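Take a moment to turn the model around on your screen before reading on. We will begin with a few single residues and then step back to the whole chain.

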Amino acid sequence: MMNVSEILHKILGFMMPDRAAVNAHLVDDLYYFVFILSIVGLVGLMGVMVFFIVRYHRSQNDKSAYIPHNALAETIWTVVPTIIFVGIAVWGLIAFYEAEKKDPNALEIKVTGKQWMWEFGYKKGNLEANITDVMYVPINTPVHLDMTSTDVLHSFFVPSFRIKRDTVPGMRTKLNFTATKLGDFQIFCAEFCGTAHSKMRGIVRVVSKKRFQRWLNREIKEANISDPVELGSRLFARKGCTSCHSVESNTIIGPGLKGLWGAKREFADGSSITAADAEYIRESILMPNAKVVKGYPAKMNSFAGQLTEKEIDYLIEYIKTLK
Ligand code: CUA
């Protein structure tokens, strides 16, 4: 059996965003009530006005009766709206506290708003992982957001979950939700926070509990790699080095890097070095045209500004192992 809330949503739901969280109806119910009340008020007021215009037109009643006041009418039009408006306020308050209830077993995610992106912090035991832009959550699981901001005011808004709250520098704000539908749901920043405010979007990706665990394990593992060679190997693939450099001896565009460490290198300008070292590799990454290997085109672009010094060290550690 459908209850009133569900029937209303069937009829009026077309004007709301997709509904995908347990408490979303708390907002919708109130909205539909106010919406219907507004229509009743509009039709009622306009109806009475039109009736009065016709009924008391000058052609029928040239002189109006003298009515200084009507205690009954005045009491009704004061008391009835007061009850309705206070009722809406109390209803809103009840819905607010219902949505504020934190499930003690809720999955906690740290949300950080910064110009101009959303960052999500996950924890597993003592290990942490920070992910930007896409927030993964398991379906039908209570989630508790512990939010803050690093710079200015932002506002975390997920229309489909009917949740929205400011993130404030130096303050922690909270939100709860339980997603009920699989899929991607848009996150907006709902507080003007600078030039790229409108681009400060993100996605809540609701996945099955199993897939969420798999994803979390992978991210936690990924975020906690400390072996420089492993980190270098990942950077090598991620920064696109592989599209020009083989880790074997063959040529793709640039020279293959197998056996590079400590090897003699001859350059197009006739100069050479006796043993490729960290300084040479670093220079080749940041200023690729300073020493172009003989027989290869000077095609590489500088990676200056795209890699930190630490990342360059990881790449060097990785290249050392290519034997
Ligand atoms: Cu952040 Cu607008």
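Asp133 sits in the loop between strand E3 (127-132) and strand E4 (134-138). Helices and strands here are DSSP runs, numbered from the N terminus: a helix (H or I) has at least four residues, and a strand (E) at least two. The phi angle of Asp133 is near 75 degrees, a positive value in a residue other than glycine. Buried means under 20% relative accessible area, exposed means over 50%, and partly exposed is in between, with a 1.4 Å probe and protein chains only.

Before going further, please keep in mind that this is a predicted model, in which local features need pLDDT of at least 70 and side-chain atom pairs count only at pLDDT 80 or more, while totals for chains, interfaces and linings use all residues. Residues are numbered from 1 along each chain as its sequence is written, and side-chain values use heavy atoms, with hydrogens and water left out.

Now look at another loop. Arg162 lies between strand E6 (154-158) and strand E7 (163-167). Arg162 is not a glycine, yet its phi is positive, at about 55 degrees. With a relative accessible area of 13%, Arg162 is buried. A further loop, between strand E1 (107-114) and strand E2 (117-124), holds Trp116. What kind of peptide bond joins Gln115 and Trp116? The bond is cis, with omega at about -5 degrees.

Glu119 belongs to strand E2, and its relative accessible area of 18% makes Glu119 buried. Thr132 is 13 residues from Glu119 in sequence, but their C-alpha atoms are 4.4 Å apart in space. Leaving aside neighbours within four places in sequence, Glu119 is in contact with Lys110, Val111, Thr112, Lys114, Asn130, Ile131 and Thr132. Contact means heavy atoms within 4.5 Å.

Ser155 is part of strand E6. Its relative accessibility is 1%, so Ser155 counts as buried. Which residues does Ser155 contact, apart from those within four places in sequence? Among them are Trp118, Lys164, Asp166, Phe188 and Glu191.

Next come the nonpolar cores. A nonpolar core is a set of buried Ala, Val, Leu, Ile, Met, Phe, Trp, Tyr and Cys residues joined through side-chain atoms within 4.5 Å. The largest one has 36 residues, and those with the most contacts inside it are Tyr122, Met135, Leu145, Phe156 and Phe161. Helix H4 (residues 209-223) gives this core its largest share, 4 residues. Another core, of 23 residues, lies apart from it and includes Cys241, Ile281, Tyr314 and Tyr318.

Let us follow two of these tyrosines. Not counting residues up to four places away in sequence, Tyr122 touches several residues, including Ile109, Met135, Phe212, Trp215 and Ile220. Tyr318 lies in helix H7 and counts as buried at 13% relative accessibility. Ser38 is 280 residues from Tyr318 along the chain, and 68 Å separate their C-alpha atoms.

Helix H6 (residues 278-286) has the buried residues Tyr280, Ile281, Glu283, Ser284, Ile285 and Leu286. They pack against strand E11 (265-266), strand E12 (272-273) and helix H7 (309-320).

Finally, step back to see the whole protein. How many helices and strands does the secondary structure come to? There are 7 helices and 12 strands. The radius of gyration is 32 Å, well over the 20 Å that the globule rule gives for 323 residues, so the protein is more spread out than a compact globule. That radius is taken over C-alpha atoms, and the rule is 2.2 Å times the number of residues to the power 0.38. Along its principal axes, the C-alpha trace spans about 115 × 50 × 40 Å. Of the 323 residues, 34% count as buried.
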